[in-house]
Amino acid sequence: MKMCRLFLQLCLGLTLLSGLAKPDPDPLQDYCIADTKSPLYLNGAPCLNPTLAHSSHFTTSALAKAGDTKANQFGFSVTLTTLANLPGINTMGLTMARADIAANGLVPPHSHPRASEVTICLQGVILVGFVDTSNRLFTQKLEPGDSFVFPRGLIHFLYNMESKKPALAISGLSSQNPGAQIASKAAFVSNPPIPEVVLEKAFQISRQDVAKIRKNLGG
C-alpha cells in the first residue's frame with residue numbers, strides 16, 4: 001500500500017512537472033518591449049511602458065549583414081536577434097538566427113538547452129543532422145528553400161558541403177534565450193577544466209590527446 005501511494009505521488013509530481021516545463025512563460029499582454037536600461041535582474045526583462053512603444057521596437061536589421069566566418073577555427077558565424085537589437089521580442093518565446101558558413105565550414109555539434117530550432121537554407125548546400133538520445137543520427141542535405149527541424153536540447157550540426165562558396169541559413173528558435181553549448185568546447189575548454197582522467201576515460205584517448213585537443217580548441 002505504501003509503495004502504491006509513493007508511485008501515485010511520483011506520477012502526480014511528474015505530471016505537474018511536465019505541465020510546468022515550458023520553454024518560455026506565456027505573455028500576459030499584447031507585448032512587453034524590453035526595458036534594457038532597467039537595473040532589475042529578471043528572468044527576461046522588465047516591460048517598457050506600452051504608451052512609449054513604437055514600430056522600431058519590433059524591427060531589426062541585425063540579420064542583414066554577413067558575419068565574420070574567419071573569427072573561429074570552424075569557419076562559421078552566428079548572428080542572433082536579442083533584446084538589445086529587437087526589444088519587442090521580449091516574452092514572445094522566439095529568437096531568429098543567421099548562420100554564415102565558409103566553404104567547407106562547420107557549425108560544430110552543439111545543443112540549445114531551452115529551444116527547438118527550425119532552419120532554412122538560403123544559399124549553398126548544407127549537410128545538417130542531429131543525434132537523438134538513443135544515439136541515432138538523422139541527417140539531410142539542404143539546398144536553397146529546404147528546411148530542417150532540430151529537437152530541443154539535442155546535439156546537432158550544419159556543414160557547408162560547397163568547397164568554394166559560402167553558405168547561408170536562417171533559423172527560428174523557440175525561446176528568446178535558447179542558450180548554445182558547443183560539445184567539444186564544453187568538454188575540453190571548460191573553466192575550470194574537466195580533470196584529464198575524466199576526459200581520457202570518457203573519450204578513450206591519452207593524456208597527450210587531451211592536451212592536443214585543448215590546444216587546438218584554444219584552451
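This is a predicted model: local features need pLDDT of at least 70, side-chain atom pairs count only at pLDDT 80 or more; totals for chains, interfaces and linings use all residues.
Two strands count as paired here if DSSP finds at least two bridges between them.

## The open sheet

Strand S4, covering residues 117-123, runs antiparallel to S7 and is joined to S7 by four bridges. One of the contacts to look up in the viewer is Ile-120, whose bridge partner in S7 is Ser-147.

S4 and S7 belong to an open sheet of five strands, arranged in the order S1-S2-S9-S4-S7 with antiparallel pairing. Which strands stand at the edges? They are S1 (76-80) and S7 (147-150); each has a single partner strand, so one side of each is left without a neighbour in the sheet. From one strand to the next, the twist averages 25°.

## Strand S5 and its two partners

Strand S5 (residues 126-131) pairs with strand S6 (residues 137-142) in the antiparallel sense, over six bridges. Within this pairing, Gly-129 has Thr-139 in S6 as its bridge partner. S5 and S6 form a hairpin with five residues between them, and Asn-135 in the turn has a positive phi of about 65°.

S5 also pairs with strand S8 (residues 156-160), again in the antiparallel sense, this time over five bridges.

## The disulfide and the cysteines

How many disulfides does the structure hold? There is one. The bond joins Cys-32 to Cys-47, with an S to S distance of 1.8 Å. The torsion about this S-S bond is about -100°, so the disulfide is left-handed. Cys-32 and Cys-47 both sit in the loop between helix H1 (2-20) and S1, 15 residues apart.

Are these two cysteines buried or exposed? Residues under 20% relative accessible area count as buried and those over 50% as exposed, with partly exposed in between. Cys-32, at 1%, is therefore buried, whereas Cys-47, at 38%, is partly exposed. Cys-121 is listed with them below, and its value of 0% makes Cys-121 buried.

| Residue | Relative accessible area | Class |
|---|---|---|
| Cys-32 | 1% | buried |
| Cys-47 | 38% | partly exposed |
| Cys-121 | 0% | buried |

Key. Residues are numbered from 1 along each chain as its sequence is written. Side-chain values use heavy atoms; hydrogens and water are left out. Helices (H or I, at least four residues) and strands (E, at least two) are DSSP runs, numbered from the N terminus. Axes are lines fitted to C-alpha atoms, for helices over the stretch in contact, and angles run from 0 to 180 degrees between N-to-C directions. A disulfide is a pair of cysteine sulfur atoms within 2.5 Å. Buried means under 20% relative accessible area, exposed over 50%, partly exposed in between (1.4 Å probe, protein chains only).
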